[in-house]
Amino acid sequence: MFAHLPGAEPTNNPKPSSTEKETEEQTTNKSPQISVTYIYTVELAELCSNVTVTWSKNVLNCSLSISVENPLDENHYTCKIDIKTWQFWGKKGLKSFEVDGKRVDVYWDFRQAKFSNNAEPLSDYYVALVYNEEVVLLLGDMKMDALKRTKRRPSLTEPILLCKKENVYGKRSFCAKAMFQKDKTEHDLVIEYSLSGLGDPEMGIAVDGFEVQIFWDVHDWLFSGSSTSHGLFILKPAAQEGGDDKVGDGRHCRGNDGGMYDSPKERSSSTPEFFHVINAWKYE
């Protein structure tokens, strides 16, 4: 898909002075680190709670932050794990905190994890969120190792992925992995734009094998004088006629609105559809 951006000619900026260069360098240093965030709905104490999982990476190390909301109040409980890829110790551990007076355990093991340029590990790791004798959220591909270590059964209520947010970087081309809840597989996403040539600037967006709705805001790309600027893209599955039959599992949880649902599965009919947010940072 190609989009024309009529009337959006970039401004011609004069050569920056030394002071302006220093300001731009400071702006670059303050640009966001590589990160990706997932927001899930899980069942905690018969309540549908949002759990935010953020993977971050900079030059020195990686980190994982898990934030659990308490639907009964405005409190959020956060557990942060620093993952120094060159150190063996600290790559396996356990942290605990309380939500509504009950213990929540976070188990992790990154000793064999394989990392790349992305914020999150590629494989050979697990992160398990345990509450009330159940693993309510399990990340990574070493699921059996996680269940063996925690000595807890998986929750009968499957978590629902509500949103994925990430930062990507590039000059004229930006690549990401688009993921949609109903499909549960990753699709190649490429964003390209061109400011050269005759006519209006152009932008192309390609998604591999999935029909989506795309919303964008690229004002800063066109008019910002900074050495770094970002475009905002929001993707969500295209609306389809009909839908999957909602099948409850006999269990109920209470949502923020006070209503009762057959776990997050039924509640999903009253919550926004999954969407993927991309901040595409352009650098020169």
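How many bridges join E4 to E5, and in which sense do these two strands run? Eight bridges join the two strands, which run antiparallel. The views below take up this and other details of the structure, which is a predicted model.

**View 1**

**View 1. The stacked rings of Tyr 77 and Phe 97.**
The model contains eight aromatic pairs. In the pair formed by Tyr 77 and Phe 97, the ring centres are 6.4 Å apart and the planes meet at 10°, so the pair is stacked. Tyr 77 belongs to strand E5 (residues 76-83) and Phe 97 to strand E6 (residues 92-99), and the pair thus links distant parts of the chain, 20 residues apart. Phe 97 counts as buried, because its relative accessibility is 14% and the cut-off for buried is under 20%.

**View 2. The stacked rings of Phe 110 and Tyr 125.**
Phe 110 and Tyr 125 form an aromatic pair that is stacked, with 5.8 Å from centre to centre and 20° between the planes. Both residues lie in the loop between strand E7 (102-109) and strand E8 (126-131), so the pair ties together parts that are 15 residues apart in sequence. Phe 110 is buried, with a relative accessible area of 0%, and Tyr 125 counts as buried at 7% relative accessibility.

Phe 174, Tyr 193, Trp 221 and Phe 233 form one aromatic cluster. The largest nonpolar core has 53 residues, and those with the most contacts inside this core are Trp 55, Val 127 and Phe 233. Strand E2 (residues 34-44) gives the most to this core, with five residues. When residues up to four places away in sequence are not counted, the residues that Val 127 touches include Trp 55, Leu 64, Ile 66, Phe 110 and Leu 138. In soluble globular proteins, nonpolar side chains tend to be buried together.

The structure holds seven salt bridges. In one of these, Glu 134 pairs with Arg 153, and the closest N and O atoms are 3.5 Å apart. Glu 134 lies in strand E9 (residues 134-140) and Arg 153 in strand E10 (residues 153-154), so that the pair links distant parts of the chain, 19 residues apart. Glu 134 is buried, with a relative accessible area of 8%. Glu 166 forms a salt bridge with Lys 164, for which the closest N and O atoms are 3.9 Å apart. Glu 166 is buried at a relative accessible area of 11%, and Lys 164 counts as buried at 2% relative accessibility.

**View 3. The salt bridge between Asp 188 and Lys 177.**
Asp 188 forms a salt bridge with Lys 177, and the closest N and O atoms are 2.5 Å apart. The pair links distant parts of the chain, 11 residues apart, with Asp 188 in strand E13 (residues 186-194) and Lys 177 in strand E12 (residues 173-179). Asp 188 is partly exposed, with a relative accessible area of 38%, and Lys 177 is partly exposed as well, at 39%.

The mean pLDDT of the chain is 77, and 71% of its residues reach 70 or more. Over residues 6-31 the pLDDT stays under 50, and for this stretch the model has 22 contacts beyond four places in sequence. Residues 243-252 also have pLDDT below 50, and this stretch has 20 contacts in the model beyond near neighbours in sequence. Where pLDDT is low, the predicted coordinates should not be read in detail.

Notes. Residues are numbered from 1 along each chain as its sequence is written. This is a predicted model: local features need pLDDT of at least 70, side-chain atom pairs count only at pLDDT 80 or more; totals for chains, interfaces and linings use all residues. Side-chain values use heavy atoms; hydrogens and water are left out. Rings of Phe, Tyr and Trp (its six-membered ring) pair if their centres lie within 6.5 Å; planes under 30 degrees apart count as stacked, over 60 as edge-to-face and the rest as tilted. Helices (H or I, at least four residues) and strands (E, at least two) are DSSP runs, numbered from the N terminus. Buried means under 20% relative accessible area, exposed over 50%, partly exposed in between (1.4 Å probe, protein chains only). A nonpolar core is a set of buried Ala, Val, Leu, Ile, Met, Phe, Trp, Tyr and Cys residues joined through side-chain atoms within 4.5 Å. Contact means heavy atoms within 4.5 Å. Two strands pair if DSSP finds at least two bridges between them. pLDDT is the predictor's confidence in each residue, from 0 to 100. A salt bridge is a side-chain nitrogen of Lys or Arg within 4 Å of a carboxyl oxygen of Asp or Glu.
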